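Subject: Structure handover

Hello,

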Amino acid sequence: MSELQYSQKVNPIMATYGRFPIALVEGKGSYVWDDKGTKYLDYSSGLATCNLGHVPDVVKNAMDQQLSKLWHCSNLYHIPSQEKLAQVLVENSCGDQVFFCNSGAEANEAAIKIARKYSQQGDPTIVSFQNSFHGRTMATLSATGQEKIQQGFAPLTPGFEYLSYNNVDDLNKLKEIKPCAVILEVVQGEGGVIPADPQWLKMLDQVCKEHDILLMIDEIQTGMGRTGSLFAYQDYDLEPDVISVAKGLGSGIPIGAIIAKEHVAKHFSAGTHGSTFGGNPIATTAGLATVQHLVESNVLDEAQSLSSYLWNELKQLAEGDNSIQSVRGKGMLIGLQVNEPAIDIVHKAREEHQLLLVVAGPNVVRVLPPLTTNQEEADQFLEIMKKIFA
Ligand SMILES: Cc1ncc(COP(=O)(O)O)c(C=O)c1O
């Protein structure tokens, strides 16, 4: 627990998070240290954010230079790092234009707003999927297909309908609803690490094309190499109209964005949307260094081969041990469905083995290694898993 003594009777931080009783003060690569000097192997990557590990040199060096030049200027001026990052993002996706903001929820807010603008002559409904997670602002929690996230916040933002994920029959309902857009994760992260069925995705894409429904892919957790390619949709032969990104985009510096095809992007004309900090020089310098490294180095290839190794070993472990029911997900977004409360495993890993993991629902342990992790660290993780599930 942090050693801070509070001058007030209650903790001055609101209790929105169930915090683990350690305070992390330093990080490098796959490791973090707490304020007592204990070293942890961080296979949670700050919740799928530190994809290049903690304080990666390539991002730090770019940031160091920018920090001595200019921290902030408004979007009333051109921002070179913002323009370069937009360029790299469109060159490496199917999108044409980018809007920058500061977080995942803000990125999905922008996606929702642009879909509504696009639909002005038609139906403003947006379809999302049960079990999805799209954020905690009013519109994004309304898009989120989980009652527990929405509870207590009625009235919700109107205009959302929810269909069943991976359900072919529900695609007929989509044809009836004829929404302006669908929003989905190609691997549901917070909802329990549930990958989309590729066949179902293809059929969904087909319905969207036939009925002029925008396909909006939430890549906030799956993007930036987490599931293999730079964006997860790239492994499924899809061409989304809108892609939302955040988390790994800034390697830990807050940044979010939507990347949209031109026919959608043109609906965000001057004055329709904005953000004071969105795309500021510091955030976009971090983003630019991150994305350039992801696309120019061999980090994604190396992560692919190490994730195959992890998958094989974890599947073998699951076969020999019925306390792991299944191993699911994609690339470095791995869910272990377990028989006991997942949080107990997460506590055990941290307290007894100095390994940081997170949960994704009551019975799924989420393993999110940095993409830069190496063989030795992967073996260290697997040894701990063997001890925990022995
Ligand atoms: C798929 C997805 N969308 C949106 C969000 C919200 O992002 P943020 O917490 O940055 O607002 C998250 C966060 O976990 C997420 O996983």
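The axes of helix H11 (residues 299-319) and helix H13 (residues 375-388) come within 11 Å of each other and cross at roughly 15 degrees. H11 is therefore roughly parallel to H13 (angles under 35 degrees count as such). The crossing of H11 and H13 is right-handed, meaning that the near helix is turned clockwise from the far one by less than a right angle. Axes here are lines fitted to C-alpha atoms over the stretch in contact, with angles from 0 to 180 degrees between N-to-C directions; helices are DSSP runs (H or I) of at least four residues, numbered from the N terminus.

On the H11 side, the contact (heavy atoms within 4.5 Å) involves Leu 306, Tyr 309, Leu 310, Glu 313, Leu 314 and Leu 317. Their partners in H13 are Gln 375, Ala 378, Asp 379, Phe 381, Leu 382, Met 385 and Lys 386. By class, these residues are nine nonpolar, one polar and three charged.

This is a predicted model: local features need pLDDT of at least 70 and side-chain atom pairs pLDDT 80 or more, while totals for chains, interfaces and linings use all residues. Residues are numbered from 1 along each chain as its sequence is written, and side-chain values use heavy atoms, without hydrogens or water.

As for disulfides (cysteine sulfur atoms within 2.5 Å), the count is zero. The closest cysteine sulfur to that of Cys 73 is in Cys 101, 17 Å away and so too far for a bond. Cys 73 is buried at 18% relative accessibility (buried is under 20% relative accessible area, 1.4 Å probe, protein chains only). For Cys 208, the closest cysteine sulfur is in Cys 180, at 11 Å, again too far for a bond. Cys 208 is buried too, at 3%.

Regards

How values were computed. Buried means under 20% relative accessible area, exposed over 50%, partly exposed in between (1.4 Å probe, protein chains only). Helices (H or I, at least four residues) and strands (E, at least two) are DSSP runs, numbered from the N terminus. Angles under 35 degrees count as roughly parallel, over 145 as roughly antiparallel, 65 to 115 as roughly perpendicular and the rest as oblique. Ala, Val, Leu, Ile, Met, Phe, Trp, Tyr, Cys and Pro count as nonpolar, Asp, Glu, Lys and Arg as charged, and the others, Gly among them, as polar.
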